[in-house]
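Colleague: I have a model open and would like to learn how to read it feature by feature. Could you walk me through it?

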Amino acid sequence: MLKQRVITALVLLAILLPALFYPSSIVPFAVVTLVFMTAGAWEWGRLNGFGQTGALGIGGICAALCLGAWAAGWLSQSLALLWIAAGAAWVLGGALLLRAGVAGWPHIPSAIRLVGGVLALWLAWIAIVQARRIGINFLLSVLVLVWVADSFAYFAGRTFGLKFTKNKLAPTISPGKSWEGVWGGAIGVIVLALLWCWADGRYGAGVPSFYSVLQTRGTWFLLLAVVFMTAMSVAGDLIESLIKRSVGVKDSSGLLPGHGGVLDRVDALLPTLPLAMMLSSFVHP
């Protein structure tokens with residue numbers, strides 16, 4: 001299993017890194033991420049009970065929406081209102097989903113579930129390509145936030161889980177997660193943000209990171225924003241766990257051997273990418 005995970009990770013890096021660092025054009029990165037989001041939409045169709053043909057159709061719809069936004073020039077436009085709407089939907093919808101829990105998922109009308117998932121993938125694709133258009137430093141700072149939040153939460157949870165609190169974070173959704181893990185993730189992200197801001201200034205970054213953009217509104221705004229982003233990263237992870245537990249599957253698919261499916265890899269990014277664009281729009285409308 002470990003060998004399989006390593007091979008898959010290396011293949012993904014061999015595909016993503018050249019696209020990410022391709023000079024003078026975002027097209028390769030946009031195309032590669034579009035393929036991943038389309039695959040995620042196919043998985044979403046399967047999770048919602050569609051067969052192979054229907055799930056492929058869902059993937060095609062997601063791809064068509066992305067291509068339509070590309071053709072309309074949205075990738076290079078300021079979409080502040082869209083990001084505010086997306087952020088509000090994630091915060092309110094996420095809170096309602098987590099409150100309803102595993103048992104509540106089947107009671108949501110299938111059309112709403114299906115459309116909501118496709119729109120989440122579509123918005124995340126627009127956000128990640130816009131972030132890449134701003135600059136690699138900006139995009140990487142958002143991606144690393146999610147990875148650091150997850151890693152620090154894992155190690156803090158393993159080390160301190162239930163030592164300061166009596167209740168787990170969401171026992172019916174993800175029994176392994178603790179509040180100590182969430183706090184550890186938040187602390188890790190705060191340290192990351194402060195260090196990245198220092199590095200931007202120290203080495204004269206040509207493109208500011210997400211954290212340096214936030215810090216222009218003050219350190220207090222930066223700290224509140226990254227804690228909020230950490231919380232929404234956790235929410236994205238929990239929501240996917242809730243859905244998988246409700247439909248009785250361990251992974252969203254087997255597309256990425258050793259890693260599960262695309263949705264298993266991007267669950268925390270689905271809310272955080274649009275929210276990063278929303279917070280950035282508050283600083284630079």
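**Reading a helical chain**

Modeller: Gladly. Let's start with helix H6, residues 136-160: its 25 residues reach 35 Å from first C-alpha to last, close to the 36 Å expected at 1.5 Å a residue. Please keep in mind that this is a predicted model.

Colleague: Which residues of H6 are buried?

Modeller: The general idea first: an α-helix has 3.6 residues a turn, so residues three or four places apart point the same way. In H6, the buried residues are Asn137, Phe138, Leu139, Ser141, Val142, Leu143, Leu145, Val146, Val148, Ala149, Ala156 and Gly157.

Colleague: Stepping back, how many helices and strands does the chain have?

Modeller: The count is 11 helices and 0 strands. Read from the N terminus, every element in the order is therefore an α, as in α-α-α-α-α-α-α-α-α-α-α.

Colleague: What does the radius of gyration say about the overall form?

Modeller: The idea is to compare the chain with a compact globule of equal length. For 285 residues such a globule would have a radius of gyration near 19 Å, and the chain's 18 Å agrees with that. Along the principal axes, the C-alpha atoms fill a box of roughly 50 × 50 × 40 Å.

Colleague: And how much of the chain is buried?

Modeller: Buried residues account for 49% of the 285. The chain exposes about 13,900 Å², with carbon and sulfur atoms supplying 71% of that area.

Colleague: What share of the contacts join residues at least 24 apart?

Modeller: Take the contacts between residues at least 6 apart in sequence: 74% of them join residues at least 24 apart.

Colleague: How far apart are the mean positions of the positive and negative charges?

Modeller: There are 18 positive and 9 negative charges in the chain, and their mean positions are 2 Å apart.

Colleague: Now a single residue. Is Met229 buried or exposed?

Modeller: The cut-off for buried is under 20% relative accessible area. Met229 has 0%, so it is buried. Its place is in helix H9, which spans residues 219-247 and reaches 43 Å with 29 residues, close to the 42 Å expected.

Colleague: Which residues does Met229 touch?

Modeller: Not counting residues up to four places away in sequence, Met229 touches Leu145, Phe210, Thr272, Leu275, Ala276 and Leu279. Thr272 is 43 residues from Met229 in sequence, yet the two C-alpha atoms are 6.2 Å apart.

Colleague: What about helix H11?

Modeller: Helix H11 covers residues 269-283, and its 15 residues reach 21 Å, close to the 21 Å expected. H11 is mostly covered, with 14 of its 15 residues buried.

Colleague: Which residues is Thr8 in contact with?

Modeller: Leaving aside neighbours within four places in sequence, Thr8 is in contact with Leu256, Pro257 and His259.

Colleague: Last topic: which residues have a positive phi?

Modeller: Most residues other than glycine have a negative phi. Among the positive cases, Ser24 has a phi of about 65 degrees although it is not a glycine. Ser24 is found in the loop between H1 and helix H2 (27-47) and is exposed, with a relative accessible area of 83%. Leu162, which follows H6, has a positive phi near 65 degrees. Just after H9, Gly248 takes a positive phi of about 80 degrees.

Notes
Residues are numbered from 1 along each chain as its sequence is written. This is a predicted model: local features need pLDDT of at least 70, side-chain atom pairs count only at pLDDT 80 or more; totals for chains, interfaces and linings use all residues. Side-chain values use heavy atoms; hydrogens and water are left out. Helices (H or I, at least four residues) and strands (E, at least two) are DSSP runs, numbered from the N terminus. The radius of gyration is taken over C-alpha atoms; the globule rule is 2.2 Å times the number of residues to the power 0.38. Buried means under 20% relative accessible area, exposed over 50%, partly exposed in between (1.4 Å probe, protein chains only). Contact means heavy atoms within 4.5 Å. Accessible areas come from the Shrake-Rupley method with a 1.4 Å probe; for residues, only the protein chains shown count as cover. Lys and Arg count as positive and Asp and Glu as negative; His and the chain ends are not counted. The place of a charge is taken as NZ of Lys, CZ of Arg, CG of Asp or CD of Glu. The expected span of a helix is 1.5 Å times one less than its number of residues.
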